[in-house]
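Please read them with the structure open.

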Amino acid sequence: MAEAPPIRPCERYPRCAPYTHSGPRYGDVSVDLDRFQYLLVMGACVAITLPLEFLFGARVWRRPRRLVAALAVPLAIFVVWDVIAIARDHWSFNPEYVTGWKLPLDLPVEEFVFFVVIPICGLLTFEAVRRVLAHHTR
Amino acid sequence: MEYTIASIVAVVVVVAVEVLWLRTGIFATATYWIAYGIVVFFQILVDGWLTKLSAPIVLYNPDEFSGWRVFFDSPVEDFLFGFALITLTIMLWERAGQRRGTAASAGSGAGGTGPTLPR
């Protein structure tokens with residue numbers, strides 16, 4: 001019996017080899033991140049609005065019970081809308097840019113995240129504007 | 001045109017819930033409208049990233065929306081959808097704040113420019 005040839009590092013990790021193929025290969029960072037593009041956009045929304053909480057004193061994240069009370073009903077309604085819309089082919093998702101992770105009823109996890117993140121961004125904006133206006137009209 | 005219809009219905013329902021039921025008063029405040037303007041500006045960017053036809057993340061069935069795309073190829077229906085989502089959330093946020101007694105109501109009520117501080 002011939003022994004299996006040893007795997008050289010550049011076979012295991014193609015990106016270290018400076019050569020010949022064109023197009024993406026396993027291990028290319030861009031390929032891996034593309035699937036997370038939708039989630040990364042949502043993460044950027046959280047990051048960009050965070051200063052509203054801590055620099056503008058919006059106090060949305062720090063009132064978690066009130067936050068849940070505000071989010072729960074819209075989340076339920078819009079998830080149902082989304083599930084129906086997806087089932088009826090109103091819209092669909094580019095498999096290149098989503099993880100493929102699904103919640104029950106074929107709901108992409110990104111959509112669920114959207115219906116949590118985007119309303120929070122709206123509330124942070126609302127509270128920050130309130131604080132700024134209150135400051136300037138005192 | 002189902003998305004078109006659904007998005008119009010959503011706006012009408014949310015406005016009706018505010019006017020006829022919750023009556024938080026947000027539509028009478030500068031706070032709400034300024035905030036909503038800011039939200040729309042950022043929606044143009046974020047929704048645009050999701051819908052741009054050069055590399056779309058979300059794909060829309062042309063039979064189910066108006067075909068009218070604005071800014072970065074966002075279906076105009078998305079802005080009705082967004083209005084309903086954000087406005088309903090703010091209404092319920094106000095409702096939850098107003099229910100927490102007079103102190104919270106004075107600070108977080110619909111006055112918008114009311115005596116919010118200090119909290």
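1. β1(A) pairs with strand β1 (residues 58-60) of chain B in the antiparallel sense, over three bridges. Two strands are taken to pair if DSSP finds at least two bridges between them. Within this pairing, Ser92(A) stands opposite Leu59(B) in β1(B).

2. Basis of the notes. The model is predicted: local features need pLDDT of at least 70, side-chain atom pairs count only at pLDDT 80 or more, and totals for chains, interfaces and linings use all residues. Residues are numbered from 1 along each chain as its sequence is written, while chains are lettered from A and ligands numbered from 1 in the order in which they are written.

3. The contact between the chains. Chain A gives 35 residues to the contact and chain B gives 34 residues; two residues are in contact if their C-beta atoms, placed from the backbone, lie within 7 Å. On the chain A side, α3, α4, β1 (91-93) and α5 (109-137) each supply at least two residues. The largest share of that side, twelve residues, comes from α5(A). By class, the side of chain A that touches chain B holds 22 nonpolar, seven polar and six charged residues. Here Ala, Val, Leu, Ile, Met, Phe, Trp, Tyr, Cys and Pro count as nonpolar, Asp, Glu, Lys and Arg as charged, and the others, Gly among them, as polar.

4. Chain A as a whole. Chain A has five helices and three strands, in the order α-α-α-α-β-β-β-α along the sequence. Helices (H or I, at least four residues) and strands (E, at least two) are DSSP runs, numbered from the N terminus. Of the contacts in chain A between residues at least 6 apart in sequence, 65% join residues at least 24 apart. Buried residues account for 30% of the 138 residues in chain A. A residue is buried if 20 or more other C-beta atoms lie within 10 Å of its own, exposed if 12 or fewer, and partly exposed in between, with C-beta atoms placed from the backbone.

5. Two backbone angles to check. Most residues other than glycine have a negative phi. Arg59(A), not a glycine, has a positive phi of about 55°. Arg59(A) sits in the loop between α3 (37-54) and α4 (64-87) of chain A, and is buried because 22 other C-beta atoms lie within 10 Å. Phe71(B) also has a positive phi, near 55°. Phe71(B) is placed in the loop between β2 (69-70) and β3 (74-75) of chain B, and counts as partly exposed because it has 15 C-beta neighbours inside 10 Å.
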